[in-house]
Amino acid sequence: MRAEIQNFVTQIEKSLELLAQRMDKETAAHRLEEFDARVEDPNLWDDPEAAQKLMRERQMLVDAMDSYNGIKQDMADNIELIEMGEMEEDDEVISEAEEGLQALAAKAAKKELEALLDGEADSNDTFLEINSGAGGTESCDWASMLARMYVRWAEKKGYKVELQSESAGEEAGIKSAAYKITGHNAYGWLKSESGVHRLVRISPFDSAAKRHTSFTSVKVYPVVDDNIEIEVNPADIRIDTYRSSGAGGQHVNTTDSAVRITHHPTGIVVTSSEKSQHQNRDIAMKALKSRLYQIELDKRSALVNEAHENAGDAGWGNQIRSYVLQPYQMVKDLRTSHETSDTKGVLDGDLDGFMAATLAMDVSGKSRAEAQG
């Protein structure tokens, strides 16, 4: 078997190994039998919410088993065709089977990434907040570049992007922006982007053409859906209305309808500046609940959630990724060491490689912790 063909087979086998791990293949058939038995219980729908959860869990397991078995069978079929082609010296059959393995490797890799998104809120929509940090005008410009990057990424995924609020920089760019991104697994993908992003470049605002370093923080929270209950004590919040100060154009809002909610126990502040004050209250309250839910997720994962206490200072020592445009071209994630020289592609929204590397790191970290436990 040629080296290129063997490479595709190795890629597929690696993906199959992760898929088997994520669905706990050894117990999958037994768990499906248990699900089927519970589905046949005539009293199941006495509790519709519990029934719907059960049906979702069952379907997820069925989909995982079907994906694994389908990929494994397709791989075996193509390998068999290649072996037959080699025996009969039929290059056309070998070439078709090789193309089949190449396509299958891409499909398996996609399923592998989807399998990493199995957290409690991974399938939810998400809120994305961007705040400029150390660096003044440079940082505000960098914040607008990051906003564009994430909007481009979301559009490529086919997600819906809604601007919730925006504060313009004094000279250029934005001081902050908040988006709601709607689509399957939006939070699961974007959760790895929370942290400080560092830019190194020749400043377009410096007449001396010196290199500048800028920092901007990104925070990601899952949109809390109807299946997640988060109670907010009215005594714990303050609601203020104010005049929006958008960047202009379609985001201009000259009425005093923008809403700011402050949660006193945590210090969390959320805003929304749509046209309707009633709509803004609803959006801001959902954003607050999402922030509070994120804190609960972090606690359950035994993570130290310092972001809501110290605002995650956007400066040295807190960055998760560096974007270097001068003197060389490189984007490098400091958690996974994943890097690329295609800085233009990244800033145009090609982020899946970085997200996948972080997700895979989380899985291997959990696996090690489980093994040690």
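In the protein, residues 24 or more positions apart account for 63% of the contacts with a separation of 6 or more. The model is a predicted one, and it comprises 10 helices and 11 strands. Of its 373 residues, 42% count as buried, while the protein exposes about 20,000 Å², of which carbon and sulfur atoms supply 47%.

Among the helices, H3 (residues 48-88) and H4 (residues 91-116) have axes that come within 9 Å and cross at roughly 160°. Because angles over 145 degrees count as roughly antiparallel, H3 is described as roughly antiparallel to H4. The crossing by which H3 passes H4 is left-handed. On the side of H3, the residues that meet H4 are Ser67, Ile71, Asp74, Met75, Asn78, Leu81, Ile82, Gly85 and Glu86; their counterparts in H4 are Val93, Ile94, Ala97, Glu98, Gly100, Leu101, Leu104, Ala108 and Lys111.

Serine 322 is found in strand S9, which spans residues 319-324. With a relative accessible area of 6%, serine 322 is classed as buried, since the cut-off for this class is under 20%. When residues up to four places away in sequence are not counted, serine 322 touches Arg198, Met330, Val331, Lys332 and Leu334. With arginine 198, the side chain of serine 322 also makes a polar contact, in which the partner is the side chain of that arginine, at 3.1 Å.

Notes
Residues numbered from 1 in each chain as written. Predicted model: local features only at pLDDT ≥ 70, side-chain atom pairs only at ≥ 80, totals over all residues. Heavy atoms only, no water. Helix = DSSP H or I, 4+ residues; strand = E, 2+ residues; numbered from the N terminus. Buried < 20%, exposed > 50% of the residue type's maximum accessible area, 1.4 Å probe, protein only. Contact = heavy atoms within 4.5 Å. Areas by Shrake-Rupley, 256 points an atom, 1.4 Å probe, with all protein chains shown as cover. Polar contact = N/O pair within 3.5 Å; in protein donor to acceptor, adjacent residues only side chain to side chain. Axes fitted to C-alpha atoms, helices over the stretch in contact; angles between N-to-C directions. Parallel < 35°, antiparallel > 145°, perpendicular 65-115°, else oblique. Left-handed = near helix turned anticlockwise from the far one by under 90°.
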